[in-house]
Amino acid sequence: MDELIVIEVFGEEYRFKPDRKLENPEKIVRRLKRYIKESELIFQNSRSDKNRMISLMLAAMKLSKDFHELEVKYTALEKEMEKRVSSLLGKFDKSSEQYINRV
């Protein structure tokens with residue numbers, strides 16, 4: 001039987017079946033709960049359903065912002081790696097030419 005992940009939000013439990021390829025779904029749940037908890041602190045004195053929904057929206061926005069920042073960093077890293085690999089290949093080609101011309 002596949003493992004179910006339980007997420008408790010605002011005192012209610014929700015059960016999900018994680019993707020089989022997903023490693024450590026518990027870490028994802030902990031991160032989500034941390035974002036929700038941070039967002040809840042804004043409305044700690046008021047527990048209305050509207051504020052709960054806003055807390056979830058804030059948590060989703062923070063997650064989206066962090067994801068976007070990671071995408072930007074990943075893209076920059078990818079471009080830098082392509083540049084370095086290209087440079088190394090150029091050096092290799094130049095060295096190969098020099099070696100062939102000496103032989």
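I take buried to mean under 20% relative accessible area, exposed to mean over 50%, and partly exposed to mean anything in between, with a 1.4 Å probe and protein chains only. The model is predicted, and I kept local features at pLDDT of at least 70 and side-chain atom pairs at pLDDT 80 or more, while totals for chains, interfaces and linings use all residues. Residues are numbered from 1 along each chain as its sequence is written, and side-chain values use heavy atoms, without hydrogens or water.

**Entry: helix α2**

I took helices (H or I, at least four residues) and strands (E, at least two) as DSSP runs numbered from the N terminus. Helix α2 covers residues 49-102, and its 54 residues reach 79 Å from first C-alpha to last, close to the 80 Å expected at 1.5 Å a residue, where the expected span is 1.5 Å times one less than the number of residues. I looked up which residues of α2 are buried and found Asn51, Ser55 and Ala59; they pack against α1. Asn51 counts as buried because its relative accessibility is 12%, and, leaving out residues up to four places away in sequence, Asn51 touches Phe43 and Ser46, contact being heavy atoms within 4.5 Å.

**Entry: nonpolar core**

I defined a nonpolar core as buried Ala, Val, Leu, Ile, Met, Phe, Trp, Tyr and Cys residues joined through side-chain atoms within 4.5 Å. The largest one has 7 residues, namely Ile5, Ile7, Val9, Val29, Tyr35, Ile36 and Ala59, and β1 (5-9) and α1 (25-40) are the elements that give two or more residues to this core. Apart from neighbours within four places in sequence, Val29 is in contact with Ile5, Val6 and Ile7.

**Entry: salt bridges**

I searched the whole structure and found 7 salt bridges, each a side-chain nitrogen of Lys or Arg within 4 Å of a carboxyl oxygen of Asp or Glu. Arg34, Glu38 and Lys62 are linked in a network of them. Arg34 meets Glu38 at 3.9 Å, N to O, and the two are about one helical turn apart because they lie 4 residues from each other in helix α1. Lys62 meets Glu38 at 4.0 Å, N to O; Lys62 lies in helix α2 and Glu38 in helix α1, so this pair ties together parts 24 residues apart in sequence.

I also noted Glu69 with Lys65, whose closest N and O atoms are 3.5 Å apart. Glu69 is partly exposed because its relative accessible area is 38%, and Lys65 is partly exposed at 46%.
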